[in-house]
Amino acid sequence: MDFLTVQLHFTIGLFYYSTEVYNKIKKLVVLSMEEVLKFLKDCGAYYLATTEGSQPRVRPFGTINLFKGKLYFQTGKVKNVSKQIHANPKIEICAFKDGAWVRIAAEAIEDDLREARVSMLNTYPSLAQKYSADDGNTEVFYLKNATATFSSFTSEPKVIKF
């Protein structure tokens with residue numbers, strides 16, 4: 001069972017959702033993540049915030065990938081951002097495009113599967129100049145317990161949880 005399946009396997013008391021309802025919910029979550037993915041890719045760059053002690057740290061990122069039902073980003077283990085995430089996995093992402101923005105609060109969870117690194121590197125071939133799946137430096141994280149809030153000055157906020 002993959003993470004998304006486990007995450008969506010709801011129980012209320014002893015009542016389990018029917019397969020039909022479960023599949024509809026799973027489809028909505030995936031579609032929602034794809035909406036977040038599309039917005040971030042359309043922006044080209046987004047800003048990822050971490051903390052270092054009590055000091056916030058923000059930097060531009062450009063990698064975002066949907067792999068096995070989860071949103072992933074990539075960095076290098078030697079970078080401060082990696083050390084900050086390992087010390088405190090709570091992160092925020094912000095991106096802006098055409099008068100609208102998204103803010104994502106989540107936990108960044110390292111995925112050490114080679115397949116996840118390969119998927120990211122295949123999605124961003126330009127990374128091959130600095131990274132490879134087996135270099136011991138390439139690191140991918142997926143977003144867990146994420147809340148994405150789409151906002152603009154002209155419409156009500158839209159919240160997506162995944």
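Okay, one definition before we start: a residue counts as buried under 20% relative accessible area, as exposed over 50%, and as partly exposed in between. So K97, with a relative accessible area of 24%, is partly exposed. Keep in mind that what we're looking at is a predicted model.

K97 has a partner, by the way. Its side chain meets that of D98 in a salt bridge, 3.8 Å from N to O. D98, at 72% relative accessibility, counts as exposed.

How many salt bridges does a search of the whole structure find? Seven. Let me show you two others. R57 and E52 pair through their side chains, with 2.9 Å from N to O. R57 is partly exposed at 34%, and E52 is partly exposed too, at 36%.

Then there's E115 with K68, where the closest N and O atoms are 3.2 Å apart. E115 is partly exposed, at 44%, and K68 is partly exposed at 47%.

Stay on K68 for a second, since its backbone deserves a look. Most residues other than glycine have a negative phi. K68 has a positive one, near 50°. N145 also has a positive phi near 50°, but its place is in strand 9. N145 is partly exposed, with a relative accessible area of 46%.

Now, inside. The largest nonpolar core has 39 residues, and F73, I104 and L143 touch the most other members. Which element gives the largest share of this core? That's strand 9, with seven residues. Others giving two or more include helix 2, helix 3 and strand 8.

Zoom in on I104. Leaving out residues up to four places away in sequence, I104 touches, among others, V36, L40, I91 and L143.

Last stop, helix 3, residues 80-87. Its buried residues are V81, S82, Q84 and I85. Why are they on the same side of helix 3? Because they cover an arc of only 165° around the axis. And what do these buried residues pack against? Six strands are listed by name: strand 3, strand 4, strand 6, strand 7, strand 8 and strand 9.

That's my tour, thanks!

Technical notes:
Residues numbered from 1 in each chain as written. Predicted model: local features only at pLDDT ≥ 70, side-chain atom pairs only at ≥ 80, totals over all residues. Heavy atoms only, no water. Buried < 20%, exposed > 50% of the residue type's maximum accessible area, 1.4 Å probe, protein only. Helix = DSSP H or I, 4+ residues; strand = E, 2+ residues; numbered from the N terminus. Arc of directions from axis to C-beta. Contact = heavy atoms within 4.5 Å. Core = buried A, V, L, I, M, F, W, Y, C linked by side-chain atoms within 4.5 Å. Salt bridge = Lys/Arg side-chain N within 4 Å of Asp/Glu carboxyl O.
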